[in-house]
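Take a look at the model below. The text after it walks through the chain from the overall fold down to single contacts.

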Amino acid sequence: MIATTMIHVRVDENIKAQAAETLASMGLTVSDAIRVFLTRVVADRERPFAIKAPNASSRAAMAEAGEIIKNRRARFATADSLIDDIEKNSRK
């Protein structure tokens with residue numbers, strides 16, 4: 001029999017619930033997914049997927065979203081102004 005050990009991980013409960021549901025649709029549990037991940041790390045001696053840093057455009061959008069949330073102010077005053085902006089930018 002193989003000796004096992006427990007791993008404790010803190011994660012947002014919504015992420016855990018969504019991950020559990022998605023994994024269940026694949027026939028896996030969260031524990032199964034963690035075992036697969038760790039097995040790949042050991043076998044390949046690297047992360048099994050790329051972790052990419054956001055580019056300048058993504059960082060700017062994230063900063064803008066943070067300001068909107070902080071100031072509780074929408075970027076557009078009306079739905080019409082939002083649609084106008086979308087249509088203007090879709091023609092570029």
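This is a predicted model: local features need pLDDT of at least 70, side-chain atom pairs count only at pLDDT 80 or more; totals for chains, interfaces and linings use all residues.

The protein chain has four helices and zero strands. Along the sequence, the order reads α-α-α-α.

Next, the overall dimensions. A compact globule of 92 residues would have a radius of gyration near 12 Å, whereas the protein chain has 21 Å. Along the principal axes, the C-alpha atoms fill a box of roughly 65 × 25 × 25 Å. Of the 92 residues, 2% count as buried. The protein chain exposes about 8,800 Å². Carbon and sulfur atoms supply 57% of that area.

Charge comes next. The protein chain carries 15 positive and 12 negative side chains. The centres of these two sets lie 7 Å apart.

Now to the helices, beginning with H1. Helix H1 covers residues 13-25, which makes 13 residues. From its first C-alpha to its last, H1 reaches 19 Å, close to the 18 Å expected at 1.5 Å a residue. Asp 12 sits at the start of H1. A side-chain oxygen of Asp 12 comes to within 2.8 Å of the backbone nitrogen of Asn 14.

Helix H2 spans 30-44, and Arg 45 lies in the loop between H2 and H3. Most residues other than glycine have a negative phi. Is Arg 45 buried or exposed? Its relative accessibility is 75%, so Arg 45 counts as exposed; the cut-off for that class is over 50%.

Helix H3 runs over residues 56-71. At 1.5 Å a residue, its 16 residues should span 22 Å. The end C-alpha atoms of H3 are 22 Å apart, so the model agrees with that expectation. Asn 55 caps the N-terminal end of H3. Here a side-chain oxygen of Asn 55 lies 3.1 Å from the backbone nitrogen of Ser 57. Just after H3, Arg 72 takes a positive phi of about 50°.

Two residues within H3 deserve a stop. One is Arg 59, which lies in helix H3. Arg 59 has a relative accessible area of 45%, so this residue is partly exposed. A polar atom of its side chain lies 2.4 Å from the backbone oxygen of Pro 54.

With a relative accessible area of 26%, Ile 68 is partly exposed. Buried would require a value under 20%. How far is Ile 68 from Ala 33 in sequence and in space? The separation is 35 residues in sequence and 36 Å in space, C-alpha to C-alpha.

Technical notes:
Residues are numbered from 1 along each chain as its sequence is written. Side-chain values use heavy atoms; hydrogens and water are left out. The radius of gyration is taken over C-alpha atoms; the globule rule is 2.2 Å times the number of residues to the power 0.38. Buried means under 20% relative accessible area, exposed over 50%, partly exposed in between (1.4 Å probe, protein chains only). Accessible areas come from the Shrake-Rupley method with a 1.4 Å probe; for residues, only the protein chains shown count as cover. Lys and Arg count as positive and Asp and Glu as negative; His and the chain ends are not counted. The place of a charge is taken as NZ of Lys, CZ of Arg, CG of Asp or CD of Glu. The expected span of a helix is 1.5 Å times one less than its number of residues. A polar contact is a pair of N or O atoms within 3.5 Å; within protein, one must be able to donate a hydrogen and the other to accept it, and residues adjacent in sequence count only if both atoms are side-chain atoms.
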